[in-house]
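Student: I have a new model open and would like to go through it step by step. Can we begin with how its strands are put together?

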Amino acid sequence: MNDKRDCLRKLPSVDRLLSHKRVQNLIKEYSHRLVVEAIRADLESIRRGILAEQNLEISESAVLDRISQGLRTDFQASLRPVINATGVVIHTNLGRAPLSEAAQAAMIAVAGAYNTLEYDLEEGERGSRLVHAAKLLRALTGAEDAIALNNNAAALILILSALAREREVIISRGQLVEIGGGFRIPAIMRESGATLVEVGTTNRTRIEDYEAAVNEQTAMLLRVHASNFRQLGFVEQPSLSQVTACARQHGLLAVDDLGSGTLINTRKFGLAYEPTIQDSISAGFDLVCFSGDKLLGGPQAGIIVGKAKLMARLKRHPLARAMRVDKLTYAALIATLQHYLRDEALQEIPIWRMIGRELDEIGRTAERWAAQIGGKVVDGRSTVGGGSLPGTDLPTRLLAIAVASPARFAAGLRQADPPVIARVSKSHVLLDPRTVLPEQETDLLRVLSRLALDEDQEKGRLS
Ligand SMILES: *Cc1c(COP(=O)(O)O)cnc(C)c1O
């Protein structure tokens, strides 16, 4: 009993802690109110611990460590840059496509200044923000007109709401996909008031199946790219031009949701074919939609390209206003599209640089890391990811570090500053140089050396 009273008496007071230099710094960062609350809460849990005869460290420095750790966990920015060492190039959970230097610079330039978002410099009056990327997209895809919205899901909802509400939309059963994050084509249709008419079977759909389903209620034939899975074996889908010919013959709209959509032929990297936007336009689709931050390598956006007359209806729809993009997105999108126009996309856009990285060069980078950190360099595979090129991947070289507990080591990497995201196998932590940006290498090696050193001290040498 006396012991407990003794302990309670030894507790530092709130005022005493507040005068501490470290606490003064915390107050600057998190505010007086939050710091006082954190101190009170910590002292209270110490008191309860003492009464329950559990031993909490009660020294001033232990209290300060706990509250600064707690404040950091609760209030530091939850959106932070990380180092992606997974080898998944378009990693949906890690923000998909990192932007080119020009795109970053363009965002910064319009972020802190007034700009021409909705201002026509020639006329000196109000302009439309919808014009911004349109000319570039027309030049690059051959389409008559283009608009950018918040993301490709929004693009699809706008197309269906504006052009197929209370009408029927025909889609192949093999294309009723779920993209991830609960984005399912049938649910999108329901939300937009269009009626889904499924034709064909899971593995085979022929153009005759579309033909047979057409009636007076039909508004549209919709193709959806199966972007995150691949069907093998006894499979068949009608060609692009069969779908557009059928639509034309019956006076229907032909719409292609490409998902990723690319302006560059992926076959030149030894990858499978990913449908290009130009192919869909030249096959005669009325509208084609795709994401800005998948294989385009730009900011989050949903881009629609196609016939000018339809685009005018989309622009007038109230949802277009609700789904519009902001100045930062336009800035990054325009800069990204300019790389394609100048034929420098493969050099300037990070995802294309990563996809195109030579195996030898990746191997040399991995060897350089191994020389500094330990571990060995092994063969592996990188994936493109992000709902593109399912089932195909790229050969890579990985740094494999043998550790006592790969899961714990990987957790240590995630807690580091900057956090490092790695792959984990049974006995190794695996790091793929392909997706590590050159300017992140110093940070990566610093984080790895420190963790590897801790591991060394615990377990003897890394192998
Ligand atoms: C990824 C994808 C979408 C959704 O695109 P977001 O830009 O993520 O909204 C829609 N359709 C297909 C086929 C996709 O692959």
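Tutor: One term is needed before that: two strands pair if DSSP finds at least two bridges between them. Keep in mind that this is a predicted model.

Student: Okay, how many bridges are there between β5 and β7?

Tutor: Strand β7 covers residues 218–224, and β5 pairs with β7 in the parallel sense over 3 bridges. In that pairing, E168 stands opposite T218 of β7.

Student: And in which sense do β5 and β6 pair?

Tutor: The pairing of β5 with β6, residues 195–199, is parallel, over 5 bridges. There, I171 has E198 of β6 opposite.

Student: Which helix goes with β5 and β6 in a β-α-β unit?

Tutor: Helix α9, residues 185–191, does; β5, α9 and β6 make a right-handed β-α-β unit.

Student: Which residues sit on which side of β5?

Tutor: In a regular strand, side chains alternate between the two faces of the sheet. For β5, E168, I170 and S172 are on one side, V169 and I171 are on the other, and both faces are covered.

Student: Changing topic: how many aromatic pairs does the structure hold?

Tutor: The structure holds 2 aromatic pairs. One of them is Y30 with F75, a tilted pair at 6.5 Å centre to centre and 50 degrees between the planes. This pair links distant parts of the chain, with Y30 in helix α3 (residues 21–30) and F75 in helix α5 (residues 60–75), 45 residues apart.

Student: Why does Y30 count as buried?

Tutor: Because its relative accessibility is 10%, and buried means under 20%. F75 has 44% relative accessibility, so F75 counts as partly exposed.

Student: Why is the pair of F269 and W352 stacked?

Tutor: Because the planes of F269 and W352 are at 25 degrees, with the ring centres 5.6 Å apart; planes under 30 degrees apart count as stacked. This pair too links distant parts of the chain: F269 is in the loop between β8 and α12, W352 is in helix α17 (residues 350–355), and they are 83 residues apart.

Student: Are F269 and W352 buried or exposed?

Tutor: Both F269 and W352 are buried.

Student: Last one: what lies over the face of F234?

Tutor: R204 does, at 3.8 Å from the ring centre of F234.

Methods:
Residues are numbered from 1 along each chain as its sequence is written. This is a predicted model: local features need pLDDT of at least 70, side-chain atom pairs count only at pLDDT 80 or more; totals for chains, interfaces and linings use all residues. Side-chain values use heavy atoms; hydrogens and water are left out. Buried means under 20% relative accessible area, exposed over 50%, partly exposed in between (1.4 Å probe, protein chains only). Helices (H or I, at least four residues) and strands (E, at least two) are DSSP runs, numbered from the N terminus. A crossover is right-handed if, with the strands pointing away from the viewer, the path from the first strand over the helix to the second runs clockwise. Rings of Phe, Tyr and Trp (its six-membered ring) pair if their centres lie within 6.5 Å; planes under 30 degrees apart count as stacked, over 60 as edge-to-face and the rest as tilted. A charge sits over a ring if NZ of Lys or CZ of Arg is within 6 Å of the ring centre and within 35 degrees of the ring normal.
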